[in-house]
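Student: I would like a close look at one part of this model. Please take it step by step.
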Amino acid sequence: MITIKENLHYVGVNDRVKHRFEGLWFLPEGVSYNAYLIVDEKVALIDTVDVGFCPELLDNIRAVIGDRPIDYIVVNHVEPDHSGSLALLRQFYPNVRVVGNKKTFDMLSGYYGITPETGLCVAEGDTLKLGSRTLTFHLAPMLHWPETMVTHVADEGILFSGDAFGCFGALNGAVVDRDMDCTRFWPEMERYYAAILGKFGAPVRTALKKLGGLDIRMICPTHGPVWADQAARAIDTYRRMASGTTEEGLVICYGSMYGHTQRVAEAVAQGAAEAGLKRIIVHNLSVTQPSFVLADIYRYGALAIGGPTYNGGIFPVVEDLLKRLAGREVKGRKMGCFGGFTWTPAAVKVIDEYNAKMGLDMVAPGIEWKQKAGDDTLGQARALGHALAQAVMANATQQ
Ligand SMILES: Cc1cc2nc3c(=O)[nH]c(=O)nc-3n(C[C@H](O)[C@H](O)[C@H](O)COP(=O)(O)O)c2cc1C
Ligand SMILES: [Fe+2]
Ligand SMILES: [Fe+2]
């Protein structure tokens, strides 16, 4: 049994098998699906876990309350990594009342046949008294689904935050931040944000404003550690990422089949280094998994993207990144691009078209070359690196 506070228990599980979260985002160290049990005059389970782990969740619950029934299951988020065990749990706890908002039940009825009549449909600010603890519900739409909400225990400043403030990475024994070395979780929080929440900067800002009015001393998210001692740092991380604040640095992302684009990427890096920039990150997009690339792009103020012309368009791994960026809040960063061709150019044009949606600030026209990148092209690339370095050194907000 893992006790977080008196009568508040961790009953979540670790997934060390899933290779890619949501089928997309690489999980080098697994992920936890967190669920919490409050034992009071009434028993409330806050969120559930992926259906594959339901037996483990049941064992964890029984280790705390034995045969005592659960009265409520609060569904802060319907994504199946958290709601997946609901239908099975209701077989074991037939009288349990599911708690969600109107949009929660719109989804639960379709997924599991759970309707508001059998549960408890709550609205902004509604409360549910469990005994000595009272839950207050606050809607936090598009964090990152329309139904997302958070559950607050005002007296003790505990926030059950759903995916917000969560991280990739399984929990290795301890659950609360003060009982572990959290070093590995901070970059994983940024990678989680970039991958999962990056599209929703405006809703995150709205939610942070709302949460700013609450007493928050402990954050219990649905993935990663419980933030107690470092709750303020978790909130600051979100505030920084949602505000578009960047650090001084350049991320160079390229794809290359035969090395020509790579040579141009190297020249951009050399130019930036010659200009005095210290943080230069180069990602070969055929090698680095996109979530790591996105996390770096979120962190730094300058970006260069390059790729070969490929079948009348741009090399697929580069287009993949461009598509992901077009759906995220990255505007305002300093940008440069480059791309070669052998018979008819397309790569630079494609990057420019995507940038119309991305809204980055191009510091120079795209560099285009035919066949081998000659000295002229490499010179232009070094000049681009120089310009990006100067732009980011003048513009980036230092942490
Ligand atoms: C499968 C494939 C498709 C290509 N399609 C085009 C094309 O549509 N138009 C073009 O001008 N070049 C095309 N190219 C040529 C590449 O753009 C050119 O070889 C480029 O310089 C490769 O850069 P890299 O050495 O960085 O891989 C294609 C190359 C390959 C292998
Ligand atoms: Fe989610
Ligand atoms: Fe989740």
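How many aromatic pairs does the count come to?

Tutor: Keep in mind that this is a predicted model. The count comes to twelve aromatic pairs. Take phenylalanine 21 and tyrosine 192 from the ring pairs. Their ring centres are 6.1 Å apart and their planes meet at 55 degrees, so the pair is tilted. Phenylalanine 21 sits in strand β4 (residues 20–21) and tyrosine 192 in helix α5, so this pair ties together parts 171 residues apart in sequence. The relative accessibility of phenylalanine 21 is 2%, so this residue counts as buried. Tyrosine 192 is at 0%, so tyrosine 192 counts as buried too.

Now tyrosine 310 and phenylalanine 315. Their ring centres lie 5.6 Å apart and their planes are at 65 degrees, so the pair is edge-to-face. Tyrosine 310 is partly exposed, with a relative accessible area of 31%. Phenylalanine 315 is buried, at 10%. Ring pairs also join Phe165, Tyr193, Tyr238 and Tyr298 into a cluster.

Next, the metal site. The iron ion (ligand 2) is coordinated by His77 (NE2), Glu79 (OE), His144 (NE2) and Asp163 (OD), at 1.9 to 2.2 Å. Along the chain these donors follow the spacing H-x1-E-x64-H-x18-D. Their angles run from 86 to 169 degrees, which makes the arrangement irregular. Histidine 77 and glutamate 79 are both buried.

The iron ion (ligand 3) takes Asp81 (OD), His82 (NE2), Asp163 (OD) and His223 (NE2), at 2.1 to 2.3 Å. Here the spacing is D-H-x80-D-x59-H. This site is irregular as well, with angles of 83 to 170 degrees among its four donor atoms. Aspartate 163 bridges the two iron ions (ligands 3 and 2), which lie 3.4 Å apart. Aspartate 81 lies in helix α2 (residues 80–83) and aspartate 163 in the loop between β15 (158–162) and α5 (185–197), so the pair ties together parts 82 residues apart in sequence. Both aspartate 81 and aspartate 163 are buried.

Last, the largest pocket. Its volume is about 380 Å³. It is lined by 18 residues, and Met257, Pro308, Thr309, Phe341 and Thr342 are the closest to its centre. At least two lining residues come from each of α8 (260–274), β20 (309–310) and β22 (334–341). The lining holds seven nonpolar residues, eleven polar and no charged.

Conventions
Residues are numbered from 1 along each chain as its sequence is written. Chains are lettered from A and ligands numbered from 1 in the order in which they are written. This is a predicted model: local features need pLDDT of at least 70, side-chain atom pairs count only at pLDDT 80 or more; totals for chains, interfaces and linings use all residues. Side-chain values use heavy atoms; hydrogens and water are left out. Donors are N, O and S atoms within 2.8 Å of the metal (3.2 Å for Na, K and Ca); water is not among the atoms, so sites may look incomplete. Four donors count as tetrahedral if all angles lie between 85 and 135 degrees; four count as square planar and six as octahedral if opposite donors are over 155 degrees apart and all others between 65 and 115; anything else is irregular. Helices (H or I, at least four residues) and strands (E, at least two) are DSSP runs, numbered from the N terminus. Buried means under 20% relative accessible area, exposed over 50%, partly exposed in between (1.4 Å probe, protein chains only). On a 1 Å grid over the protein atoms alone, a cavity is a set of points where a 1.4 Å probe fits but cannot get out, and a pocket is an open set with protein on both sides within 12 Å along at least five of seven lines; lining residues have an atom within 4 Å of a point. Grid points are joined across faces, edges and corners, and a volume is the space filled by probe spheres set on the points. Ala, Val, Leu, Ile, Met, Phe, Trp, Tyr, Cys and Pro count as nonpolar, Asp, Glu, Lys and Arg as charged, and the others, Gly among them, as polar. Rings of Phe, Tyr and Trp (its six-membered ring) pair if their centres lie within 6.5 Å; planes under 30 degrees apart count as stacked, over 60 as edge-to-face and the rest as tilted.
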